[in-house]
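Let's take a walk through a protein structure together, going from the whole chain down to single side chains. Have a look at the picture before you read on.

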Amino acid sequence: MTTGFAVTDDAFAREILSVAQLNQAVSQLLERSVPALWVRGEISNFTQAASGHWYFTLKDSRAAVRTVMFRSRAQSVGFVPRAGDQVEVRARVSLYEPRGDYQLQADAMRRAGIGNLYETFLRLKEKLAAEGLFDPEVKREPLRLPRAIGVITSLHAAALRDVLSALARRAPQVPVIVYPAPVQGADAAPRLALQLQRANARNEVDTLLLVRGGGSIEDLWSFNDEDLARAIATSAIPVICGVGHETDFTIADFVADVRAPTPTAAAELACVPREDLRQATRQAAQRLMRAQQRRLDQAAQRLDRAAAQLISPAQRLAHQRERLNTLRHRLAAAGQRPAQQRQARLQVLMQRLVRRVPDTARSVERVERVAARLARVQRQGLESASQRLAALGAHLRALDPENTLQRGYAIVRDEQGAIVSDAGVLRAGERLRIDLARGQAQAEVVSADADRSGP
């Protein structure tokens with residue numbers, strides 16, 4: 001029940017409260033008036049109860065305040081504080097009503113200085129995001145059936161046992177190769193990046209798991225390294241990052257191709273369970289059997305239809321015999337029909353021939369006229385051909401080289417027998433053959449003048 005009260009100057013109207021009511025009212029007033037806030041201080045008087053709750057005092061040089069952190073919140077801190085540790089807690093102001101003690105109820109805790117680390121984390125995240133390293137377009141889908149899976153983590157990490165157990169349970173047929181590297185400390189980030197590059201160079205796995213268990217932001221800080229982030233981004237092998245708990249986020253998570261909330265979840269995302277493969281194989285076999293059965297049924301139906309169309313050999317022979325008789329009758333009729341047609345045509349032609357008996361006397365006279373005209377034309381043609389022949393013979397004799405040679409001319413040939421008509425093609429010392437009207441002569445070129453023209 002909520003108790004409210006108002007302070008007035010009327011002494012008779014004043015409400016008399018019990019101590020419990022007073023503490024309850026003060027507690028509600030504190031919770032309404034003061035929001036959740038971060039408080040920095042030093043741990044002292046730390047106690048971890050059997051229930052898992054933490055009780056401690058948060059103090060500085062001038063003041064102290066009792067603080068409680070319940071088990072459900074303490075489990076997500078990632079470390080157990082000790083007396084003297086400087087921490088920052090996110091808490092709500094409350095009152096422990098049975099004693100009236102003012103206290104803080106802590107919801108989260110981090111080591112002091114975590115704010116600077118978080119600012120560094122945000123700056124690097126913004127820088128890499130601007131370069132496109134987080135874009136979904138550059139991320140690749142891991143193979144559903146990898147030939148082998150690589151795990152980059154510490155050999156002593158609980159995350160390795162979780163991953164190996166999950167893979168052995170989920171896909172025992174897939175080989176697992178471990179690339180050991182520390183997951184915490186000053187040299188963890190470069191060692192992780194080196195193993196990532198080595199896995200790419202060896203190219204013996206299809207998927208890489210980068211895993212680590214939970215912890216504080218300092219414990220996980222190696223996975224916020226810029227060089228490691230760029231090594232993940234340039235990896236030719238898809239990378240699944242499973243670092244910390246579900247609420248933990250690192251730069252490696254944003255750069256990786258797939259982000260898993262835990263190392264076990266990363267192992268589950270790396271491959272298809274063997275039972276799923278078996279189920280898919282069984283389903284495929286069933287589909288194949290159904291398809292094969294459908295084909296067999298269809299073939300059986302076709303066979304039935306074909307069998308229905310079959311007839312016995314005796315029926316086929318009888319049908320063929322009947323068809324042969326039909327063709328024989330048609331052939332006999334076809335053989336008689338042309339003879340009858342030819343006989344009828346012959347009679348028609350005989351009648352036409354009788355009507356067209358030729359007039360022999362007129363034909364003889366016409367033949368004689370044509371013969372006389374043909375003889376006349378032939379005679380004229382022979383005379384014209386004789387005249388043309390005489391003219392061509394005279395022209396041919398005029399062009400005969402022998403006649404030209406008889407007039408004192410000669411034919412000059414080179415060594416290959418080609419006629420020489422241009423002095424420009426001759427060279428001194430070249431041998432020539434000269435054909436005369438009677439006989440031949442050999443000559444040698446002393447000089448040749450190509451510019452000299454004839455008479």
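Predicted model: local features only at pLDDT ≥ 70, side-chain atom pairs only at ≥ 80, totals over all residues.

The protein chain has 12 helices and 13 strands. Of the 455 residues, 27% count as buried. The chain exposes about 31,200 Å², and carbon and sulfur atoms supply 53% of that area. Now look at who touches whom: among contacts between residues at least 6 apart in sequence, 60% join residues at least 24 apart.

Next, go inside. In soluble globular proteins, nonpolar side chains tend to be buried together. In this model, the largest nonpolar core has 31 residues, and Leu-128, Leu-192, Leu-208, Leu-210, Phe-223 and Ile-232 touch the most other members. Helices α3, α5, α6 and α7 each supply at least two residues of this core, and so do strands β8 and β9. Pick out Ile-232 and leave aside residues up to four places away in sequence: it touches Leu-196, Leu-210, Val-239, Ala-252, Val-255 and Ala-256. Apart from this core lies another one, of 20 residues, with Val-151, Ala-157, Leu-167 and Ala-267 among them.

Find Asn-23 in helix α1, which covers residues 19–33. Is Asn-23 buried or exposed? Its relative accessible area is 11%, which is under the 20% cut-off, so Asn-23 counts as buried. What does its side chain reach? The side chain of Asn-23 gets to the backbone oxygen of Glu-97 at 2.8 Å. Beyond its neighbours within four places in sequence, Asn-23 is in contact with Leu-95, Glu-97, Arg-99 and Gly-100.

Finally, look for rings. A pair of aromatic rings is described by the distance of the centres and the angle of the planes. The count here comes to four aromatic pairs. One of them joins Phe-249 and Phe-254, with 5.9 Å centre to centre and 25° between the planes, so the pair is stacked, the cut-off being under 30 degrees. Phe-249 is partly exposed at 45% relative accessibility, and Phe-254 is partly exposed too, at 23%. Elsewhere on your tour, you can find Phe-46, Trp-54 and Phe-56, which form one aromatic cluster.

Definitions and conventions. Residues numbered from 1 in each chain as written. Heavy atoms only, no water. Helix = DSSP H or I, 4+ residues; strand = E, 2+ residues; numbered from the N terminus. Buried < 20%, exposed > 50% of the residue type's maximum accessible area, 1.4 Å probe, protein only. Polar contact = N/O pair within 3.5 Å; in protein donor to acceptor, adjacent residues only side chain to side chain. Contact = heavy atoms within 4.5 Å. Core = buried A, V, L, I, M, F, W, Y, C linked by side-chain atoms within 4.5 Å. Areas by Shrake-Rupley, 256 points an atom, 1.4 Å probe, with all protein chains shown as cover. Phe/Tyr/Trp six-rings, centres within 6.5 Å; stacked < 30°, edge-to-face > 60°.
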